[in-house]
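I opened this model to look up its fold and how its chains are related. My notes follow.

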Protein chains: 2
Amino acid sequence: MDLLPLDWRVVLVRPRNPLNIGAAARAMANFELRQMFVVAPHDPVWREARSAVGAEEILRRARAVPDLLGAIGDATFVVGTTAGSRRNLDRAPLPLPELAPWLRRRKARGGAALLFGSEKTGLSNENLSFCHAIVHIPTRADCPSMNLGQAVAVCAYELARSGTLATRAPRLASHPSAPANLQTLDHVFQRALRVLDTVGYLKPKVREASIIKLRRLLLDLELTQSDARILGAILAQIEWGLSKSSGE
Amino acid sequence: MDLLPLDWRVVLVRPRNPLNIGAAARAMANFELRQMFVVAPHDPVWREARSAVGAEEILRRARAVPDLLGAIGDATFVVGTTAGSRRNLDRAPLPLPELAPWLRRRKARGGAALLFGSEKTGLSNENLSFCHAIVHIPTRADCPSMNLGQAVAVCAYELARSGTLATRAPRLASHPSAPANLQTLDHVFQRALRVLDTVGYLKPKVREASIIKLRRLLLDLELTQSDARILGAILAQIEWGLSKSSGE
């Protein structure tokens, strides 16, 4: 089994239960996961989780960030998790045991993020539009939804078992042929949105839905750093051209 | 992957935390595990676990039994779990991902039990002497011990993933060539102990340790129902002979 040098982090998006945050950290410590990000936690929830007696070192070093990009900006590969029951997805989730072969086929490398939504609502469609893949743990149809801490434990076990966990992997140098990270892609994407807004492509009624689709489309291109730079430059030129023509 | 028709139950031995019992039931419900036994729980712990709001159906149907044999008597295959850190074992635990291939090699079939010890102490050596195999979840050396609910979740996931979970498997008819269940083996074993005591084989100082070793030895013979009946009859005959000779 060839080891993928993926340096995984766990990202919890708006978790509601401090005990679950602690349980997630515990499961991470059991396997080789070290880095936890918590996106937009409620203040009291976050305080309680961090002040728990015997809190894991991982939890003490975890970072709370205001938005998803703050947690995944320097990652090059993002995987969202979803309950098997969820129906409003625009692509079929991969069963968890198939994630490792899928990552191998895609030659994924570098920093990777595994996203978990809040206990009540899961990940939003907007959250999922930042994901290269969506996985679900193959649970029973009549009891699909797992406890958050247990879901993190099962995913961490699977990453370890399947050999895709390599926390000591060197961070990729920003070589032109390295995959573009999410921060770089977001710069390109924001520029593209400005262009599309200028030319009136994004209709107000479906703007948000279009953005979600376009972001996914951009991810699917699997751009390298170099690709992303070229695309950004092209878009900048178009922006400039448009501003000139509207100024005339 | 050929499916082993193993009808798994989960057995918690003296769990201390009602929340963990609930979490174990939740994880069982997520996968196809239906039957939970709880051995010798503290009364208040058991009451609290069962009265939890939203308790799983599994928990309501779970059975509390006074001793381990009450939970595994009708099973033909027993697997104990242990933290990777434990050193005083007389055999090397199997890493969890290797359990399925091991079961296939042994042609295990029928009712199977997966045992989890208490949060504090794990399974005792006596508990483990009832086990055909010991597994451990491959956790980090510096953080080996998993939360009970998470350990149950990971094991349930692994049984499902590896295709060894088949809860709708028909119970084996008590065919002579079917594997002997733990209750039958225990009858044979108790008879053997009486014989060994009569002939003075079991020295008081090492009696318990010897019993543990001998029970494991008996399990390793992988007796069928028919074998067990023959061995039981032989031992009965020896008992009768000994009682006659001592009566003379």
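I began with burial: buried residues make up 42% of the 248 residues in chain A. Buried here means that 20 or more other C-beta atoms, placed from the backbone, lie within 10 Å of the residue's own.

This is a predicted model; local features need pLDDT of at least 70, side-chain atom pairs count only at pLDDT 80 or more, and totals for chains, interfaces and linings use all residues. Residues are numbered from 1 along each chain as its sequence is written, while chains are lettered from A and ligands numbered from 1 in the order written.

Next I looked up the elements. Chain A has 10 helices and seven strands (DSSP runs numbered from the N terminus: helices are H or I, at least four residues; strands are E, at least two).

I then turned to the sheet. In chain B, seven strands form an open sheet in the order 3-2-1-6-4-7-5, with parallel pairing (strands pair if DSSP finds at least two bridges between them). Strand 3 (63-65) and strand 5 (94-95) of chain B are at the edges with a single partner strand each, so one side of each has no neighbour in the sheet. I checked one pair: strand 4 (residues 77-81) and strand 7 (residues 133-136) of chain B run parallel, joined by three bridges. Gly80(B) has Ile134(B) as its bridge partner in strand 7 of chain B.

Notes: A residue is buried if 20 or more other C-beta atoms lie within 10 Å of its own, exposed if 12 or fewer, and partly exposed in between; C-beta atoms are placed from the backbone.
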